[in-house]
Amino acid sequence: METISSYMSGDHHRCDELFAQAEAAASGQDWAAIATDLHAFLDSMHHHFKMEEEVLFPAFEQRTGMTMGPTQVMRMEHVQMRELFDAMADAVKQQDRDEFLGQAETLLVMMQQHNMKEEQMLYHMADQALAGETAETLQKMRAVGA
Amino acid sequence: MSLPPGLSFAQAPPIMVPFRFFLSAPLFALLVALLALWFGPSLLESRWQPSVLALTHLMTLGFLSMVMVGAMLQMLPVIAGSPVAHPVGVARAVHLLLVSGVLFLAAGFLLASPWLMLLAMVLLGGGLLVFVIAVGFSLARAASGNPTVVGMRFALVSLTVTAILGLVLASNFGWKWWLISWIQVTNLHLTWGLLGWVGLLVISVSYQVVPMFQLTPAYPKLLMRWLPRALFVLLLLGSIPWLLADSGMQEQVAIVVALITVAVLALFALATLRLQSQRRRKQSDVTLLFWRFGMVCLLLALALSIVGQAMKISDNAHGENFMPIFLFVAGFAVSVVNGMLYKIVPFLIWFHLQSLLMGVAKVPNMRQIMPEAGMRRQMWLHFLAVPLLGLSALWPLLIYPAAVLFGVSMVLLEFNLLSAFRVYRKHAKLAPKNDLQTI
C-alpha cells in the first residue's frame, strides 16, 4: 500500500533526476536547453514544496499539535533552498557557468541533507500521525497544482 | 503525539564544534611527514620502534580520529536526528584533551618517558571517555531502524575497545610490567582501531553520503543491514582465538576469521565502486575521486594482506609487511576523510553564512568558498604520495619523496581549509550583531 513515506520519497527521486539533468546540461553551451532543464527541475521542486506546505505539514501540525517542531525547521530549509533556486536561475540568465555549477553543488548538498531528515524521520512520523487518513492526504497532495 | 524522546530537528551545532577538529587534523599529518623525513628509511626496519609507534598514533589519532570525532558531532543531528547534548562544551573538552594527549603520547614514545606516557593516558583516556559518553547517549536515543545508527554504535564500541587496549599497552610501555601477550594485544588494538573504529564508521557514513553526494542508487538493503553486524561479530571472533591460546585450533580459527573479514571489507569496497559507477550525477568532483581512490587502495590493501600472510606461512619469514597498512591508512582512510572534508567544510560554511545573512547579503556558493583548482592540486599530490609510500615498504629510500609529497599535500589541505574558513569569518562580520553568538 502506498504510504506518505513512499509517495514523497519517490517524488524526491523524481526531483533528483531532474536536478542531474539540469546539471549535466550545464556542461554544454546551449543556454536555452540549460534554462529548459533548470525550469523542469525548479517546477518539480516548487510542486514538492507546495504539497508539503499546503497539505502535509498543516495536516501533521493539526494532528500532532506540533507547530514549532520539525515542520517549522523544514519550512525554514525550504526558504533557504528557494534562495538557491533564484541564484541558479540568475546564473542561467547571466550565462555564468561557474556560478551556476557552484550554486547547483550547494543546492545538491542542502537538498540531500533536507531529504534525508524527511525520509528518515518526518515522513515516518507523518505516516503514524496520519494513519487514519493516508488515502485522503495523498489525494489532496496529488491535487496540488504546479 | 509528541516527538520521540531525544529526537530533534534542530539544525547544525555552532560552526566551531566541528571546525576546531577539522582545522587541527592536517597539522598532525604534517608532523607525521616531518618526522618521517627526520627518521627516514630506518622507520621500515621494524614496526615495534618507538618512532613508528609515535608516527602511527599521530596519524590515526591526530589526523583520522580528529576529523572523525568532529564530523560525528556535526552529523548526528542530521543523520540520526539526535544531536549531542552540550555540543560546544563537549567539543572544546574533547578537542583539548585529544590534541594534548596525542602530542604527549608521541613524545612519550619518542623519549621513552613513563611520565609523559601517564599524562597522555590521562588526557586521551579522558577525552575519549567524554566523547564516547556524549555520542553514546545520542546514539542510544536515535532510531534503531537506521543502518547508519547501528553501524555508528558498533564503531563507538570498537573505539572503546581500542582505547582500553591502548591504555593497557601504554601502561606496559611506560612501566614495563609483565604483559606476556603484548604482541597479541597490540594486534588486537590495531585491528579494533582500524577495522572497527575507522572501518565501521566509514561504512556507516557511506550508506548516507555515497548516494547523497553523487545521486547513486542506495546500497542494497541486505548489505546495509548485515555488513556492519558481520564485521563487528568477526572482530569479536577474531579476538577469541587469542583468548583460547594454545588450544591448537588457534591458528586455523584466526585464518578463517581473517579471510571472511577480508571478504566482507572487499564486498563493501566493490559495492561502493559499483554504486558510484551507476551515479545519476554526471558532474565528477574531487570527493568522488578521493573515494574511488580510497576504495581501490582498500581492495589492494586487502589483497596484499592475504598474499603477505600466505608468504609468511609458507616461508616462515618474519619480515615486516608494511604495504597493506600504508595502503589502508594513507590510501583508504586518509583519502576518504580528505574527500569528505571537501564536501562538509564548504557546505557548513555556506549553511552557517546563509542562516546569518539571509536577506542581509549575498552568500558565496560552495565553489567560491572552496575553489576546485586548489582541491585538485592537493588531491594529485596525495595520489602521488600514496603509491610512493606503499612502495617504500620494498624500497625504503622512497620514504623521502613520499613524505615530502604527503607533507606538501597536507600543507595545501590546511591552506584550503583555512582559506575557506577566512571566507566565513569575512562574511560573518556582515551579520546583524545579535546573531553573532553562533560564530
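**Reading the backbone, the packing and the interface**

Tutor: Let us begin with A:Gln95, which lies in the loop between H3 and H4 of chain A; please keep in mind throughout that this is a predicted model.

Student: What is the phi of A:Gln95, and is the residue buried or exposed?

Tutor: The general idea is that most residues other than glycine have a negative phi. A:Gln95 is not a glycine, and yet its phi is positive, at about 50°.

Student: How should I read the packing of helices, for instance that of H1(A) and H2(A)?

Tutor: Two packed helices are described by the angle between their axes and the distance between the axes. For H1(A), residues 4–25, and helix H2 of chain A, residues 31–64, the axes come within 8 Å and cross at roughly 160°. The two helices are therefore roughly antiparallel to each other, as the angle is over 145 degrees. The crossing in which H1(A) passes H2(A) is left-handed. Among the residues that make this contact are A:Cys15, A:Leu18 and A:Phe19 of H1(A), together with A:Leu38, A:Phe41 and A:Met45 of H2(A). By class, the contact divides into 13 nonpolar, three polar and three charged residues.

Student: At what angle do H6 and H8 of chain B cross?

Tutor: The axes of helix H6 (residues 182–214) and helix H8 (residues 250–277) of chain B come within 11 Å and cross at roughly 15°, which makes H6(B) roughly parallel to H8(B), the angle being under 35 degrees. The crossing of H6(B) and H8(B) is left-handed. Contributors to the contact include B:Gly199, B:Ile203 and B:Ser206 from H6(B), and B:Leu265, B:Phe268 and B:Thr272 from H8(B). The contact of H6(B) with H8(B) comprises six nonpolar and six polar residues, and no charged ones.

Student: Stepping back to a whole chain, how many helices and strands does chain A have?

Tutor: Chain A has five helices and zero strands, so that its elements, from the N terminus on, run α-α-α-α-α. Its C-alpha atoms fill a box of roughly 50 × 30 × 20 Å along the principal axes. Because a compact globule of 146 residues would have a radius of gyration near 15 Å, the 16 Å of chain A agrees with that expectation. Of these 146 residues, 38% count as buried, and among contacts in chain A between residues at least 6 apart in sequence, 70% join residues at least 24 apart.

Student: How many residues of chain A are in contact with chain B, and which helix of chain A gives the most?

Tutor: The interface brings 24 residues of chain A into contact with 23 residues of chain B. On the chain A side, the elements that give two or more residues are H1(A), helix H3 (70–93) and helix H4 (97–129), and H4(A) gives the most, with 14 residues. This side of chain A divides into nine nonpolar, nine polar and six charged residues.

Technical notes. Residues numbered from 1 in each chain as written. Chains lettered and ligands numbered in written order. Predicted model: local features only at pLDDT ≥ 70, side-chain atom pairs only at ≥ 80, totals over all residues. Contact = placed C-beta atoms within 7 Å. Helix = DSSP H or I, 4+ residues; strand = E, 2+ residues; numbered from the N terminus. Nonpolar A, V, L, I, M, F, W, Y, C, P; charged D, E, K, R; others polar. Axes fitted to C-alpha atoms, helices over the stretch in contact; angles between N-to-C directions. Parallel < 35°, antiparallel > 145°, perpendicular 65-115°, else oblique. Left-handed = near helix turned anticlockwise from the far one by under 90°. Rg over C-alpha atoms; globule rule 2.2 N^0.38 Å. Buried ≥ 20, exposed ≤ 12 C-beta atoms within 10 Å, placed from the backbone.
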